[in-house]
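This report is for a reader meeting the structure for the first time. Please keep the sequence and the model in view while reading.

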Amino acid sequence: PDLADAHVGLIQLDLKEQLGADALRRARQLQSRQPKSPLGHILEGDILASQKDYAGAAAAYLRAFDLDKTTPTLIKLHASLHAAGKGADAETRAAQWLKARPQDYALRGYLADHYLRTGQNPAAIAQYQAIVQAAPDNTLALNNLAWLYQQEKDPRALATAERAYKLSPDTPSIADTLGWIRVQQGDFRRGVDLLQKALAATPDVAEIRWHLAYALHKSGDNARARQELERLINSGLAFSAETEARRLLAELKAKGR
C-alpha cells in the first residue's frame, strides 16, 4: 500500500478515464500514508491543474514545496500561481530562490521561456544572458537571445544569431532566426538562402514559410513570394503573422504579380 509508483500509475489511469474525483482521492490517501513526502501533494496539484483549478493547484504545490524545496516543484508552483492570477507572488518566490541559488540554470531556463512566451522581453533577455554566460555553447539560449535582441533593436542580434548558427548549422529554428534577422537588416539574398534551408527541413512550420515569403518579396521575387503565400494560406496552419500575410498576398494579386 505504500508503493508510490503504483499510486502514480492508478492516478494516471484515473485521469485517462476522466475519473478526476478518484484521482484526487488517491492523491490524498497517499498524503495520509506518507505525510513527510511531497509526492501526494504534487500529484494533487497536477490533477487540479489539469482541471484548470489553478488556485487549488498552487496551494497543493506550496504544501509540497514546504516539505521539500526543489526546482521542479517551484516551477510547477510558479506556473500555477501565474495561471491563478498571482503573478507577483510567483515572481517574488522565483527571485528569492535565484538570489540564494544564482546558478540554478534549470529555473533560469524555465523563467526565460516563460518571459519569452508572455512578451516580457527584457526579463527574458536577462535570464538568457545568465545562461549563455555560464554555458557559451547553449545554442537554444543563444538562438532565443538573438531573436529577443532583434525584437528590442539591440545591435548584438546578428552576431549572436551567427554564433548559434556556427554551433548548429543544421537546426532549422536557428537557420530561421539568422535568416529572418538578415532579412530585417536588409541582407535579403543571405536571408532567403537561410530560410529556404530551414523550410526544406521543416516544411510544415508556418512561421518559417511566412518568413521566406516575406524575404522573397523584399528581394524582388514577387512571383515566388506569391506562390509561398498561397501555399501558406491554403495550408490552414495558424501563425502569428497571418493577417500580415493575407494583406501581402492581396497586394501582390492586385498588382498581378
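K52 is found in the loop between α3 (39-50) and α4, where helices are DSSP runs of H or I with at least four residues, numbered from the N terminus. The model is a predicted one, in which local features need pLDDT of at least 70 and side-chain atom pairs count only at pLDDT 80 or more, while totals for chains, interfaces and linings use all residues. Residues are numbered from 1 along each chain as its sequence is written, and side-chain values use heavy atoms, with hydrogens and water left out.

Phi of K52 is near 65°, a positive value in a residue other than glycine. With a relative accessibility of 62%, K52 counts as exposed; here exposed means over 50% relative accessible area, buried under 20%, and partly exposed in between, with a 1.4 Å probe and protein chains only. Q18, which is not a glycine either, has a positive phi of about 60°, and Q18 is found in the loop between α1 (4-16) and α2 (20-33). Q18 counts as exposed because its relative accessibility is 74%. As background, most residues other than glycine have a negative phi.

**A buried alanine**

Helix α4 (residues 54-67) holds A57, which is buried, with a relative accessible area of 0%. Leaving aside neighbours within four places in sequence, A57 is in contact with G45, L48, A49 and S80, contact meaning heavy atoms within 4.5 Å. Although A57 and K76 are 19 residues apart along the chain, their C-alpha atoms are separated by 8.8 Å.

**The nonpolar core**

Which residues of the largest nonpolar core touch the most other members? They are L107, L111, Y128, W210, L229 and F239, out of the 70 residues in this core, a nonpolar core being a set of buried Ala, Val, Leu, Ile, Met, Phe, Trp, Tyr and Cys residues joined through side-chain atoms within 4.5 Å. Helix α13 (residues 206-219) gives the most to this core, with 7 residues. In soluble globular proteins, nonpolar side chains tend to be buried together.

L107 lies in helix α7 (residues 105-117) and counts as buried, since its relative accessibility is 1%. Not counting residues up to four places away in sequence, L107 touches T71, L74, I75, A94, W97 and L98. From L107 to E152 the distance is 24 Å, C-alpha to C-alpha, and the two are 45 residues apart in sequence.

L111, with its neighbours within four places in sequence left aside, is in contact with H78, A94, L98 and Q127. Q127 is found in helix α8 (residues 121-134) and, at 10% relative accessibility, counts as buried. Beyond four places away in sequence, Q127 touches L98, R108, L111, A112 and Y115.

**Helix packing**

| Helix pair | Axis distance and angle |
|---|---|
| α13 and α14 (residues 222-235) | 7 Å, about 160° |

The crossing of α11 and α13 is left-handed, a term used if the near helix is turned anticlockwise from the far one by less than a right angle, with right-handed used if it is clockwise. In this pair, P172, D176, W180 and V183 in α11 meet I208, W210, H211, Y214 and A215 in α13.

The crossing of α13 and α14 is also left-handed. On the α13 side the contact is made by A206, R209, W210, L212, A213, L216 and H217, and on the α14 side by N222, R224, A225, E228, L229, R231 and L232.

α6 likewise passes α7 in a left-handed crossing, with E91, A94, W97 and L98 of α6 and L107, R108, L111, H114 and Y115 of α7 making the contact.

Key: Helices (H or I, at least four residues) and strands (E, at least two) are DSSP runs, numbered from the N terminus. Axes are lines fitted to C-alpha atoms, for helices over the stretch in contact, and angles run from 0 to 180 degrees between N-to-C directions.
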